[in-house]
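Please read them alongside the model.

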Amino acid sequence: MGKLIKNHWARLIVLTAAAYQILAAIQGFFWPKIFWDFATKNFDGAVKPVPILQIINLLFGIFILAWEWPVGIVTHSLLHRSIEVRLAVYPLSALVALLLYQGTNAALYYLIGVGVYFWAFSEGE
């Protein structure tokens, strides 16, 4: 049987998470809701009347989708080859996605992808 290449598997998981995050941000424009609104209403200002959190999620999703696909500018850069940078950026993206109610699935996928990237990093891939 073949050997599992964990960084490719993590890449596919993070691509899925980025696509989910983009769709969650678009859906958040129509139905703005903070995930933690059952606990407090203090964070509602981040999603309405000005959709700040949705825009941040959209930008993070597009950036990570372009980073992982990759877009031609990023293809052979140090940023694209570095797992360490990914291990620093993806938890931030997961946090931003977790704040938006529609982005909880994307946040879970990001965390799974970070775990698999860490597994690949620890094995020297």
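1. How are α4 and α5 directed relative to each other: roughly parallel or roughly antiparallel? The model is a predicted one. Helix α4 (residues 83–99) and helix α5 (residues 104–122) pack at about 165 degrees, and their axes are 8 Å apart. An angle over 145 degrees counts as roughly antiparallel, and α4 and α5 are therefore roughly antiparallel to each other.

2. The crossing of α4 past α5 is left-handed. On the α4 side the contact is made by I83, E84, R86, L87, Y90, P91, S93, A94, A97 and L98. On the α5 side the residues are T104, A106, A107, Y110, L111, V114, Y117, F118 and F121. By class, this contact of α4 with α5 has 15 nonpolar, 2 polar and 2 charged residues.

3. Helix α5 also packs against α1, at an angle of about 165 degrees and with the axes 8 Å apart. α1 and α5 are therefore roughly antiparallel to each other. α1 passes α5 in a left-handed crossing. From α1, the residues in contact include W9, I13, V14 and Y20, along with K6 and R11; the α5 residues they meet include Y109, Y110, I112, V116 and W119. The contact of α1 with α5 divides into 15 nonpolar, 5 polar and 2 charged residues.

4. Helix α4 has a further partner in α2 (residues 52–68), with an angle of about 145 degrees and axes 10 Å apart. This crossing, too, is left-handed. L53, I56, N57, F60, I64, W67 and E68 of α2 make the contact with V85, R86, V89, Y90, S93, V96, A97 and L99 of α4. The classes here are 11 nonpolar, 2 polar and 2 charged residues. R86, Y90, S93 and A97 of α4 are listed in this contact and also in the contact with α5.

5. The largest pocket holds about 160 Å³ of space. The residues that line the pocket are N7, H8, R11, E68, P70, H80, R81, I83, R86 and Y117. α1 (6–30), α3 (78–81) and α4 each give at least two residues to the lining, and α1 has the largest share, with 3 residues. By class, the lining has 3 nonpolar, 3 polar and 4 charged residues.

6. R86 lines the pocket and belongs to the contacts of α4 with α5 and with α2. Y117 is in the lining and is a residue through which α5 meets both α4 and α1. E68 is a lining residue and takes part in the contact of α2 with α4.

Key. Residues are numbered from 1 along each chain as its sequence is written. This is a predicted model: local features need pLDDT of at least 70, side-chain atom pairs count only at pLDDT 80 or more; totals for chains, interfaces and linings use all residues. Side-chain values use heavy atoms; hydrogens and water are left out. Axes are lines fitted to C-alpha atoms, for helices over the stretch in contact, and angles run from 0 to 180 degrees between N-to-C directions. Helices (H or I, at least four residues) and strands (E, at least two) are DSSP runs, numbered from the N terminus. Angles under 35 degrees count as roughly parallel, over 145 as roughly antiparallel, 65 to 115 as roughly perpendicular and the rest as oblique. A crossing is left-handed if the near helix is turned anticlockwise from the far one by less than a right angle, and right-handed if clockwise. Contact means heavy atoms within 4.5 Å. Ala, Val, Leu, Ile, Met, Phe, Trp, Tyr, Cys and Pro count as nonpolar, Asp, Glu, Lys and Arg as charged, and the others, Gly among them, as polar. On a 1 Å grid over the protein atoms alone, a cavity is a set of points where a 1.4 Å probe fits but cannot get out, and a pocket is an open set with protein on both sides within 12 Å along at least five of seven lines; lining residues have an atom within 4 Å of a point. Grid points are joined across faces, edges and corners, and a volume is the space filled by probe spheres set on the points.
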